[in-house]
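Morning, everyone. Let's talk about aromatic rings today. Please have a look at the chain on the screen.

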Amino acid sequence: MNEYDTNRIYDTVKNIGYFKTNDHLNADCYLLNTCHIRDKSKEKVFDEIGRVRKNYKNKRKPIVIVSGCVAQAESCEMIKREPYIDIVIGPQSYHKINKIIENFNSKKKYELTEFETEDKFNYLDKIKNSYSKISSFLTIQEGCDKFCSFCVVPYTRGPEYSRPFKRIIEEAENLVKNGTREIILLGQNVNAYLYKDNEKNFKLSDLILELDKIKELKRIRYTTSHPKDMTEDLIECYSSSKKLMPFIHLPIQSGSNKILKLMNRNHKVEKYLEIYKLIKKINNNVEFSSDFIVGYPGETDSDFNDTLNLVKEIKFINSYSFIFSARPGTPASKLKPIDQEVAKKRLILIQSNLESHQLKKNESLIDSSIEVLVENKLQNQNKYFGRNLFLNSVIFDGEDKYVGKLVYVKIKNINRNTLFGKIDENKNMRAA
Ligand code: SAM
Ligand code: SF4
């Protein structure tokens with residue numbers, strides 16, 4: 001979502017004559033768009049600002065802006081800790097950035113942290129999304145009303161807001177005109193998308209089926225979804241949509257019902273397994289990935305073993321796992337942490353289990369031809385980059401004419417994260 005936001009900020013500041021530069025030592029304005037989900041990301045912001053201050057020591061000081069969720073959560077505290085920062089601007093206020101830059105006074109500090117999501121999107125809808133990547137993000141929903149005990153999102157992104165259905169379709173059509181061939185619909189709770197227009201309720205499934213009709217669009221994905229909002233109509237899309245990819249990132253966080261309850265996740269492991277089975281029944285090709293938090297306060301060996309057993313039962317691919325990080329202001333931050341050495345050991349164990357599934361899955365692809373959407377040529381290399389149906393990176397020998405196209409690539413080699421191969425000319429000819 002930060003990548004999407006950053007591009008929309010670029011689109012906004014273009015109107016006052018500011019452009020993206022690679023000349024990092026001579027910028028007029030330095031903007032850091034930030035994430036607050038774990039403590040590490042916050043500390044990185046201060047490290048980076050320190051580097052900027054050092055780099056500009058003998059130069060004219062740029063306007064230094066921190067935007068995004070760290071700005072929202074820490075606001076004036078950030079400026080107190082690091083006076084080199086001029087402006088902090090939360091994720092729902094960045095539509096006001098032009099006015100602030102234009103009226104900037106170096107003797108003043110500025111702080112904008114209101115939740116004005118609707119105003120923001122109304123403003124952005126008037127500015128064309130200039131994104132022109134083969135695979136592009138498109139935010140459809142923001143914020144969260146679920147308040148999982150560990151999570152800062154409801155406090156930093158604010159309440160759930162769904163963008164108007166028509167605006168999203170217009171933005172998608174514009175992206176496709178720019179050259180996009182895959183759209184990744186985004187939201188902190190993307191499957192909670194609900195837009196009411198007169199009598200009709202538009203849901204994520206309606207969006208997917210409408211996007212299906214855009215001829216040049218080849219692939220649709222969405223992230224991140226919550227098990228509670230995996231409704232039947234959405235599950236049905238894994239059979240009815242021609243372009244929805246057979247891969248779902250559906251975080252469960254823990255395989256223990258006790259921990260899920262403590263996390264205020266509002267669903268049980270059984271519910272997750274039910275969704276898994278339903279989707280597999282509708283389309284057996286669908287693969288799952290998840291997020292896991294290990295070392296949550298109160299997690300015992302037995303709770304962690306429940307998570308490991310779930311990982312063995314559902315052969316997740318491309319998953320993420322983290323040690324619980326206490327976030328200020330969240331209910332979980334007041335709980336007694338578990339021994340960090342135990343948490344680290346658990347992380348290593350779960351990651352090795354997840355990685356071994358991933359490796360086995362990738363190994364099974366050697367010598368087969370898989371469908372890849374070609375995204376770009378790699379810099380300084382005669383190789384191309386694309387992704388398979390399940391979002392794995394594929395690097396292969398190809399040609400410029402394939403960029404933006406679906407091609408078959410014969411896999412010759414793999415590692416855990418990447419598949420390597422070359423264009424399968426025979427299969428491509430047959431498919432054409
Ligand atoms: N809305 C999604 C859901 O409910 O599954 C998740 C969105 S959250 C922005 C992304 C992931 O960050 C979560 O799934 C969780 O695993 C991880 N995360 C969030 N807060 C965390 C914390 N305090 N410590 C460790 N990981 C955290
Ligand atoms: Fe955070 Fe997701 Fe829970 Fe919302 S549903 S509070 S975004 S983890």
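**Aromatic pairs**

F292 is buried, and F316 is buried as well. Keep in mind that this is a predicted model.

Start with the overall tally. How many aromatic pairs does the count come to? The count comes to 11 aromatic pairs. Two of them deserve a walk-through.

Take Y272 and F316. Their ring centres sit 6.3 Å apart, and their planes meet at 55°, so this pair is tilted. For the label, remember that over 60 degrees would count as edge-to-face and under 30 as stacked. Where are the two partners in the chain? Y272 is in helix α11, residues 269-282. F316 is in the loop between α12 (301-313) and β15 (320-323). They are 44 residues apart, so the pair links distant parts of the chain. Y272 and F316 are both buried.

Now F292 with F316. Here the centres lie 5.4 Å apart and the planes are at 80°, so the pair is edge-to-face. F292 belongs to strand β14, residues 291-294, while F316 is in the loop between α12 and β15, so the pair ties together parts that are 24 residues apart in sequence.

Step back for a moment. Which residues do ring pairs link into a cluster? Y272, Y276, F288, F292 and F316.

Last topic: charges over rings. R38 lies over the face of F322, 3.6 Å from the ring centre. K200 lies over the face of F202, and there the figure is 5.0 Å from the ring centre.

Note on methods. Residues are numbered from 1 along each chain as its sequence is written. Chains are lettered from A and ligands numbered from 1 in the order in which they are written. This is a predicted model: local features need pLDDT of at least 70, side-chain atom pairs count only at pLDDT 80 or more; totals for chains, interfaces and linings use all residues. Side-chain values use heavy atoms; hydrogens and water are left out. Rings of Phe, Tyr and Trp (its six-membered ring) pair if their centres lie within 6.5 Å; planes under 30 degrees apart count as stacked, over 60 as edge-to-face and the rest as tilted. Helices (H or I, at least four residues) and strands (E, at least two) are DSSP runs, numbered from the N terminus. Buried means under 20% relative accessible area, exposed over 50%, partly exposed in between (1.4 Å probe, protein chains only). A charge sits over a ring if NZ of Lys or CZ of Arg is within 6 Å of the ring centre and within 35 degrees of the ring normal.
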